[in-house]
Amino acid sequence: MVKYQIVLLLVVSLVSCKKENSVTINATKENTTELKKDSEMKSFFTFDKVAYYYNQIDPNILFSNYEKPDYNDEQSDLYKYMQLVEGYYPEKLHQENFINDLLEFGYKKMNINSTDFPVLNKVFSEVKCDESYAMACTPIYRDILIFYNKDKIVGIAKICFGCRQTYIIGTDKDDSEFGQCGGFENLEAMLSIYKKSLQ
């Protein structure tokens, strides 16, 4: 009887060791896959400098502009402001007066520290996610990033964290799933440090 118990105990121990080893091997394979994905990321921009512009816009004041007579006048400052804050301005990378308009319309500027470039590189890359979502609301682009390479603008990203929407120009990569898989959250966490200095 004791002999059978010892044999049974030995078999259970061997099976446990085997399971433990297989778990370790699987975990290693998963980690390798994750690292491979990171190394094969297709970045939106090649950059060596990033300027961050932020404006704490009150939605009530913003939406009251809809009632103003020059809201639809394409020559008015109000129209340009509304296109900047919730539309498609700028339409091209080197739009005349765009940087001046940011400052004129109340955006404050700060350069992103190069130690945060890896976060930006990861967020501003093509991603494929099992689940993705955006809010059905009008975006308010309070956060704007301008990417430079050798002092030339190579990309512009306007971001609305509340609606999880973006307007990105300067890349030929697929940005349809931008911010998914935790991208919005990682970017918002990084920018929150800069935001404190700009408020």
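This is a predicted model: local features need pLDDT of at least 70, side-chain atom pairs count only at pLDDT 80 or more; totals for chains, interfaces and linings use all residues.
Where contacts between residues at least 6 apart in sequence are considered, 71% of them join residues at least 24 apart.

The largest nonpolar core of the chain contains 26 residues, and those with the most contacts inside it are Tyr-81, Leu-84, Leu-102, Tyr-107, Ile-144, Ile-146 and Ile-156. Two or more residues are given to this core by each of E1, helix H3 (77–86), helix H4 (98–104), strand E3 (143–149), strand E4 (152–160) and strand E5 (165–169), and the largest share, 5 residues, comes from H3. The surroundings of Ile-144 illustrate the packing: apart from residues up to four places away in sequence, Ile-144 touches Ala-51, Tyr-52, Tyr-53, Leu-84, Leu-102, Tyr-107, Ile-156, Ala-157 and Lys-158.

Two asparagine residues were examined individually. Asn-55 is placed in the loop between strand E1 (49–54) and helix H2 (59–64), and it counts as buried because its relative accessibility is 10%, which falls under the 20% limit for that class. The side chain of Asn-55 reaches the backbone oxygen of Phe-105 at 3.0 Å, and, when residues up to four places away in sequence are not counted, Asn-55 touches Phe-105, Gly-106, Tyr-107 and Arg-142. One of these partners, Tyr-107, is also listed among the residues with the most contacts inside the largest nonpolar core.

Asn-186, by comparison, lies in helix H6 (residues 183–198), and its relative accessibility of 46% is the reason why it counts as partly exposed, since that class covers values between the 20% limit for buried and the 50% limit for exposed residues. With neighbours within four places in sequence left aside, Asn-186 is in contact with Val-119 and Val-123. Although Asn-186 and Val-119 are 67 residues apart along the chain, their C-alpha atoms are separated by 7.6 Å.

Key: Residues are numbered from 1 along each chain as its sequence is written. Side-chain values use heavy atoms; hydrogens and water are left out. Contact means heavy atoms within 4.5 Å. Helices (H or I, at least four residues) and strands (E, at least two) are DSSP runs, numbered from the N terminus. Buried means under 20% relative accessible area, exposed over 50%, partly exposed in between (1.4 Å probe, protein chains only). A polar contact is a pair of N or O atoms within 3.5 Å; within protein, one must be able to donate a hydrogen and the other to accept it, and residues adjacent in sequence count only if both atoms are side-chain atoms. A nonpolar core is a set of buried Ala, Val, Leu, Ile, Met, Phe, Trp, Tyr and Cys residues joined through side-chain atoms within 4.5 Å.
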